[in-house]
Amino acid sequence: MSKNRRRIEIRFRVNRKLRRVCVHPLTRLLDILRLELGLTGTKEGCGEGECGACAVLMDGELVNSCLIPAVQLHGRSIETIEGLSKRGRLHPIQQSFIQRGGTQCGFCTSGMIMASVALLMGKKHPSSAQIGEHLAGNLCRCTGYSPIVDSVRKVGKK
Amino acid sequence: MRTKHIGERVPRREGGLKVSGRARYVDDWTLTGALYGVTVRSPVARGIIRQIGYPAGTPWEQFTIVTAADIPGSNSVANLEKDQPFLAVDRVQHAEQAILLLAHPNKSLLEKARRAVSLDIEHLPAVLSLESSLAQEQVVWGHNNVFKELKIEKGNVDGVLNNAPVIVEGEYWTGAQEQLYLETNGMIAVANPKEGVTVWGSMQCPYFVHKALMELFSLPMEKVRVVQMETGGAFGGKEDYPSVLAGHAALLAWKSGKPVKMVYDRGEDMAATTKRHPSRTQHRTVVDRNGKLLAMDIDFAIDGGGHMTLSPIVLSRGSIHAAGPYYCPNIRIHGRAVATNTPPHGAFRGFGAPQSLFALERHMDKVARTVGLSPVEFRRRNFIRQGESTATGQRIRESIQMEKLLHRALKETNYEKKVRLFAKQNLKAKVKKGMGVSCFFHGAGFTGSGEKRLASVVAVEATEQGKLRVLASITELGQGAVTIFTQIAADALGISGQDIEVAQADTAFVPDSGPTVASRTCMIVGKILESACIELKQTLIQNGLLKERYTSNAFRAACKKYVKQHGQLKSFAQYQQPSHIQWDDEKHEGDAYGTMAWAIYIAEVSVDLSTYEIRVDDFLALQEIGKVMNPLLAEGQIIGGVVQGIGYTLHENVIWNKGRMVNNRITDYIIPTSMDVPPVRVIFEENPYEFGPSGAKGIGELPLDGVAPAIVNAIESATGAAINRIPVTPEVLLEAMENTNE
């Protein structure tokens, strides 16, 4: 079929595991994760890079997976929400979101946590203002943001 | 009763699933062999469907096509009135109205086909604004465009107005607001004549959907099953619309014989589903020499869109809240919900109250200025007190203390000092600062006899493992229903929260506990749950399996034993209306609500007069909500509601063109980001409500009610601009400033 001829093979890492997919070159990373690899923790909120619900890390950098076409993926390393907990133990940032009301409906949460992880990789103790600025590309309609900012600021604290 | 869980900062129970991406929303789930479904909608606001064409170039034989002619039962969505078809038959009543449905296994072919369908619709003159509907420029619904008209009357308003030396008048407008839950509407359906219809989806009210599907397919109760999946926010936006979408998905499944998944993209969700009703409120007020309200004459009108849906109930709640937390001997509230040819407007947190309270609390500032009192002093003189009656004649039974709340709010914000300071600084500053106050209440639960009519039921059952399972049709939407129910059940039984399970809202297993709306989950349904738990405990005690005092272990053992002996242990409880509630639906008179939550909100703003940018610098939300069941979740509700209110006031502007929303993208419809919000300071006062579980009142909608007037009052105090409409975009501010300077 002509459709198959337009497919390309992409090899890349997802959550440290080598993956191989055969897709149309313009397939969105979001769809590769959700439909090809069954990693549905990454959500679609708007499909145009505005809401951040689909945020993941690409080579350690925060990206909106709805804006990344397959052609950009070869050889890259992607980290999603599913890769965050190790051996079933939640990452401290995930713990903090539960403990401090950083998640309500949960739909922005995966992207919000990945954005927070990206921030904390570069800065161990960001201020509330820095956190607010960093998370401005991730929309939340439930929490009003301050419980999220609090969750990030107090990671690892009791 | 010992309260080990109630009152504690218990973390959200499903939190672990949500932070690890394991919570399963409808789009995260696929059935083998499923088709995707899409909707072909009317681009025309009002018209007659001449022809539907399927031009060559698309392999139509591969598609499942459903039109109104394919509907096995009734083509009207179960609601107050049967005026809303699932699919248009020959007429189009609003822009984006669904005309036909398509299904296909391939999403991109499906989208091409959706665009290829040709619609020949003859345009009819449409009504596209509240004013033109009220003026009956065209009659587009019934004989006068009016879905519902109501009158609330107390005392003799005309008598006062006719003899008043001064009447303070004002007119106030609010725009539509999109709920913008992060998860769009979605539904999966399996449907065939043999097994009936099953849908899984994002929703607030499984039994609304259940009823809608029974009528759509003419099926008996047991042949329809509705299951709520994890739901990514709702705020009212998933109250009535999911009935429509579930119907569409099920019709495609029924005809194709395959499972069908329909998930709206953001553009479709914003354009086609419900929003907050736009409104206009007119006030005429008379005050005596001492600054006491003598008469309030209020005309409240809301734009319901193309079909009636829930508009009469939104109108009722908006009207009842229109006179606010004040005592006035003579009140008349005239309410109308009217039709226009936009998509139907629907439920959104606050349900009419944010509209009428915006008007009231802006108007209170205006009246205060007219009579030469400060906004705070004028309000203080008029607060309703215990024993006095509201607009509907509801006598306030509880010892409300609005004066005390106000005193504390002023102190916490350093209000008086800041008002004086800003007045001085503003003379020279380019960035003007101001303070604004709003005072309000929100009634929890259905209005009047509504809860009695619903007669909600909750069940609890013991599991084979000795745990206690809660069975209710209440849905977790992010508000914390599952956690609150766990706390209530655990404390009612004196056991650990770990021993409580809350079942998924699935109509095959849970009784009808009414819809998840109207701030009723904790106060109304939580109380029923408490009763069901106590009954189950009594059964165990009466059977000699449990002593009066027991441990969690003993309770588990007793449950296990009972289930082993009798097969099952299940107890049901039904809503019992407190005897003091008396309501007359016809006259809109009596006890509108079992109780109200009371609040004072204070906003501090900066207005930059070079850019017309408005910033909220500080926000105090002080409220009395009965017993605070879970401070962590309660704070989350308040902060989240206040931030939605900030969006409603300053940013969220639905732009219409010929009945269609044209800025139906997150890029163009702006909601607050983490950079747009002030620190929201939340303070609770507790005045336990006798008929709520552990004294709790409703809380969900309250925080949205009073945000807009507090901010706009602050803008006026900063700039002198008398702004009477929201959202206050920079353009609205500019215009108001120009009018002020003239």
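This is a predicted model: local features need pLDDT of at least 70, side-chain atom pairs count only at pLDDT 80 or more; totals for chains, interfaces and linings use all residues.
The contact between the two chains takes 43 residues from chain A and 46 residues from chain B. The area buried between chain A and chain B is about 3400 Å², with carbon and sulfur atoms giving 58% of that. Within chain A, the residues that lose the most area to chain B are A:Gln104, A:Cys105 and A:Arg141, which together account for 23% of what that side buries.

Between chain A and chain B the count is five salt bridges, and 19 residue pairs are in polar contact across the interface.

Which helices of chain A each supply at least two residues to the side that touches chain B? They are α3 (92-99), α4 (109-122), α5 (128-134) and α6 (146-153). Of the elements on that side, α3(A) gives the most, with four residues. By class, the side comprises 18 nonpolar, 16 polar and nine charged residues.

I turn now to chain A itself, which is divided into domain 1 (7-83) and domain 2 (92-153). Their C-alpha centres lie 21 Å apart, and the contact takes 16 residues from domain 1 and 14 residues from domain 2. These two domains of chain A bury about 1100 Å² between them, 67% of it on carbon and sulfur atoms. The interface of the two domains has zero salt bridges and three residue pairs in polar contact. On the side of domain 1 that touches domain 2, strand β3 (residues 55-58) of chain A gives the most, with three residues.

Note on methods: Residues are numbered from 1 along each chain as its sequence is written. Chains are lettered from A and ligands numbered from 1 in the order in which they are written. Side-chain values use heavy atoms; hydrogens and water are left out. Contact means heavy atoms within 4.5 Å. Buried area is the accessible area (1.4 Å probe) that two parts lose on being put together, summed over both. A salt bridge is a side-chain nitrogen of Lys or Arg within 4 Å of a carboxyl oxygen of Asp or Glu. A polar contact is a pair of N or O atoms within 3.5 Å; within protein, one must be able to donate a hydrogen and the other to accept it, and residues adjacent in sequence count only if both atoms are side-chain atoms. Ala, Val, Leu, Ile, Met, Phe, Trp, Tyr, Cys and Pro count as nonpolar, Asp, Glu, Lys and Arg as charged, and the others, Gly among them, as polar. Domain bounds come from an automatic or database domain assignment.
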